Amino acid sequence: MTQEKEGWPAPLPTIDSESAAYWQAAHEGYLGIPHCKSCDKYFFYPRAICPFCQSKELETARVSGRGTIYSYTVVRRHPNPAFNARVPYVIALIDLAEGPRLLTALRSNPEEVKIGSAVEAIFEELSPQISLPCFKLAVNG
Amino acid sequence: MNSELSVAIVGVAESDLGKTPQHTVMSLQAQAALAALDDAGLTMAEVDGVVTAGAWGWAPSLQLAEYLGLKPKYIDSTNIGGSSFEAHVGHAAMAIKAGLCEVVLIAYGSTQRSDSSRKRPPDANATRLNLQYEAPYGMPSPVGAYALAAMRHMHQYGTTPEQLAKIAVTTREWARLNPKALMRDPLTVADVLKSPYICEPLHLLDCCLVTDGGGALIVTSKERARSARKKPIWLLGHAESTTHDRISAMPDLTVTPAAITGPQALAQAGLTLSDINLVEIYDSFTITVLLTLESLGFCKPGEGGAFVDAHNFAPGGDFPLNTNGGGLSYTHPGMYGIFPLIEAVRQLRDEAGDRQVGGASLALVQGTGGVLSSAATCILGVE
């Protein structure tokens with residue numbers, strides 16, 4: 001059959017010079033996001049300058065991995081067969097305790113997911129080199 | 001109204017729509033361009049500005065100018081998603097006012113429906129730069145992003161699936177009056193709610209169509225517009241903006257950048273919302289329409305659901321909306337933004353046939369692109 005029918009693998013991130021520290025942190029099992037030493041704000045995603053004050057005085061900060069659900073959707077259909085085989089699953093926007101918002105997969109029962117619920121980071125190995133930050137409902141949420 | 005009448009849309013046309021395996025993106029645009037020029041009473045030789053957008057070429061305006069045999073004085077391939085064409089009208093107007101050119105062709109074509117049955121390699125750019133933080137999760141885009149916005153709006157304001165479904169239903173009522181619309185069967189709220197979920201809370205029938213098709217607009221100067229074949233439709237105000245690219249960077253999932261562009265374009269035209277008597281809003285999803293109505297200021301933040309209940313958007317109703325049947329029921333070839341402009345021009349010319357809105361003289365056309373990422377507003381009017 002066609003390549004399309006067989007599908008293609010779930011995509012891996014194309015890691016670059018700006019994102020390497022973030023992905024390295026994830027591979028080591030923690031969430032490492034940019035922190036601006038000049039204005040003391042955290043932000044996501046990593047970049048060469050602070051989006052709030054344009055400072056280049058940045059560091060990768062190890063953050064708590066805790067946050068709350070800002071919104072979510074239960075995916076019921078995906079054009080990529082690699083993802084479609086996993087439906088239903090939850091994609092969520094998480095507001096981290098440190099401030100920034102990021103998009104992630106929430107590895108919890110879709111029926112238990114609610115906006116505002118507390119979540120915590122977990123890490124899934126995508127390849128021997130790359131781990132993906134995901135989240136689950138917090139045990140003591 | 002304090003806007004000077006200096007630039008007008010004088011020609012509009014669609015290409016073949018629906019499923020068009022006999023066409024390429026280029027032949028769709030050529031077909032629409034010739035029809036729009038005929039509508040304007042102009043010829044291809046008079047075109048000195050070429051504007052288009054699409055993901056089909058590395059520099060689409062160059063590809064289109066070459067294909068049409070043109071050496072234009074003004075070119076623009078601005079791509080801000082589906083709202084590109086509302087932005088293009090503004091760019092064309094600025095170029096004409098600056099004296100760079102006189103007759104601008106704005107065109108669009110897509111064969112996305114026919115392409116979906118062809119082999120396509122994965123897009124390497126889909127995992128690069130800011131997309132590397134999204135692509136590995138299996139976020140279906142754009143529908144997943146709009147679902148996140150819908151879920152947030154429901155949580156924050158109590159908006160219901162029925163209120164969203166009602167938008168699909170009234171839009172279908174308009175499509176039933178449009179011979180060119182793809183979906184013309186009657187539709188009920190129950191039909192929408194029982195269609196399968198794509199991404200909760202959005203059902204299949206909350207989503208736009210996937211079609212082939214194209215369109216074209218001819219924009220020209222005041223002097224040229226005076227000798228056009230039909231009544232010129234004047235550009236009275238224009239604005240464009242963006243608040244984010246990816247949905248995770250959208251400051252508030254219930255407020256679109258139309259909150260910036262709507263007031264700015266109206267102010268430029270010297271008008272307020274209460275002057276507007278025709279509204280064409282990009283309807284990629286039902287939630288897009290509800291959020292845009294709020295962001296434009298037709299109702300207060302959070303009151304979009306109540307607004308849907310209080311007004312009738314269907315033919316004969318008090319708030320005619322998306323009178324061609326929209327991206328939800330008429331056509332949606334990837335980027336839809338050129339089509340609400342075509343419809344607004346036809347309505348303002350009083351040539352919309354069975355779906356003509358009586359007394360339409362001032363239109364607001366609102367484009368939305370990406371994942372609620374960009375907005376562009378055009379205020380159009382008759383003299």
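**Notebook: a cavity, some salt bridges and a helix**

I looked up the largest cavity, and its lining is Glu14(B), Asn178(B), Asn324(B), Tyr330(B), Phe339(B), Ile342(B), Glu343(B), Arg346(B) and Arg355(B). By cavity I mean a set of points, on a 1 Å grid over the protein atoms alone, where a 1.4 Å probe fits but cannot get out; lining residues have an atom within 4 Å of a point.

This is a predicted model, where local features need pLDDT of at least 70 and side-chain atom pairs count only at pLDDT 80 or more, while totals for chains, interfaces and linings use all residues. Residues are numbered from 1 along each chain as its sequence is written, chains are lettered from A and ligands numbered from 1 in the order in which they are written, and side-chain values use heavy atoms, leaving out hydrogens and water.

My search of the whole structure found 1 cavity of 30 Å³ or more. The largest cavity holds about 30 Å³ of space, a volume being the space filled by probe spheres set on the grid points, which are joined across faces, edges and corners. Helix H13 (residues 338-348) of chain B gives the largest share of its lining, 4 residues. Helices (H or I, at least four residues) and strands (E, at least two) are DSSP runs, numbered from the N terminus.

Next I checked salt bridges (a side-chain nitrogen of Lys or Arg within 4 Å of a carboxyl oxygen of Asp or Glu).

Glu14(B) pairs with Arg346(B) in one, with the closest N and O atoms 2.9 Å apart. Glu14(B) sits in strand E1 (residues 7-14) and Arg346(B) in helix H13 of chain B, so this pair ties together parts 332 residues apart in sequence. Are these two buried or exposed? Both Glu14(B) and Arg346(B) are buried, where buried means under 20% relative accessible area, exposed over 50% and partly exposed in between (1.4 Å probe, protein chains only).

I also found Asp39(B) and Arg349(B) meeting in a salt bridge (2.7 Å, N to O). Salt bridges with shared partners join Asp39(B), Lys230(B), Arg349(B) and Glu351(B) into one network.

Last, I turned to helix H3 (residues 84-97) of chain B. Of the 14 residues of H3(B), 12 are buried, so this helix is largely enclosed by the rest of the structure. After H3(B) comes Gly99(B), with a positive phi near 80 degrees.

Methods. The expected span of a helix is 1.5 Å times one less than its number of residues. On a 1 Å grid over the protein atoms alone, a cavity is a set of points where a 1.4 Å probe fits but cannot get out, and a pocket is an open set with protein on both sides within 12 Å along at least five of seven lines; lining residues have an atom within 4 Å of a point.
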